Amino acid sequence: MTIAERLGTVNYRNQERRDARPHILVDTNICNTRCPHKATTYVCPANCYTLDEQGHVHFQFEDCIECGTCMYACDQGAVSWHYPDPEQGRGVNWNYG
Ligand code: SF4
Ligand code: SF4
């Protein structure tokens, strides 16, 4: 199974796609004006950070698997996390723990 196929099997608790709310906010103005390396576009396993043809960074949270990598990879202060409605147990439904 490829990585893309594996990522396609990820499901989320108590969260229909239409109800999804971002748990990661990215200030793409920082990405596109002063980030020298755009590290998150290389390290996110779910490809949530992408570069377009003009070299601009875009972020979409919907396929995030909550690995936390971008939190540590971004040294420019552009990434902030918060979990909306944690009491409802939203987020990735892990198979093991
Ligand atoms: S490392 Fe931070 S500032 Fe740079 S592209 Fe990624 S999120 Fe944006
Ligand atoms: S937490 Fe992991 S999967 Fe989610 S956006 Fe950050 S690097 Fe990508």
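Let me start with the second largest cavity, whose lining by class comprises 12 nonpolar, 2 polar and 1 charged residues, where Ala, Val, Leu, Ile, Met, Phe, Trp, Tyr, Cys and Pro count as nonpolar, Asp, Glu, Lys and Arg as charged, and the others, Gly among them, as polar. Please keep in mind that this is a predicted model, in which local features need pLDDT of at least 70 and side-chain atom pairs count only at pLDDT 80 or more, while totals for chains, interfaces and linings use all residues. Residues are numbered from 1 along each chain as its sequence is written, chains are lettered from A and ligands numbered from 1 in the order in which they are written, and side-chain values use heavy atoms, with hydrogens and water left out.

By cavity I mean a set of points, on a 1 Å grid over the protein atoms alone, where a 1.4 Å probe fits but cannot get out, and lining residues have an atom within 4 Å of a point. The second largest cavity holds about 90 Å³ of space, a volume being the space filled by probe spheres set on the points, which are joined across faces, edges and corners. Of its 15 lining residues, Ile-24, Cys-44, Cys-64, Cys-67 and Cys-70 lie nearest its centre.

Ligand 2 sits in this second largest cavity, in the sense that more than half of its atoms lie within 2 Å of the grid points. Around ligand 2 there are 15 residues, of which Cys-44, Cys-64, Cys-67, Gly-68 and Cys-70 come nearest, a residue being near if one of its heavy atoms lies within 4 Å.

Now to the other site. The largest cavity has a volume of about 100 Å³, and of the 15 residues that line it, Cys-31, Cys-35, Thr-40, Cys-74 and Ala-78 are the closest to its centre. Ligand 1 sits there, in the largest cavity, and the shell around ligand 1 divides into 8 nonpolar, 3 polar and 1 charged residues.

One of the residues around ligand 1 is Gln-76, whose contacts (heavy atoms within 4.5 Å), not counting residues up to four places away in sequence, are with Ile-30, Arg-34, Cys-35, Pro-36 and His-37.

Methods. On a 1 Å grid over the protein atoms alone, a cavity is a set of points where a 1.4 Å probe fits but cannot get out, and a pocket is an open set with protein on both sides within 12 Å along at least five of seven lines; lining residues have an atom within 4 Å of a point.
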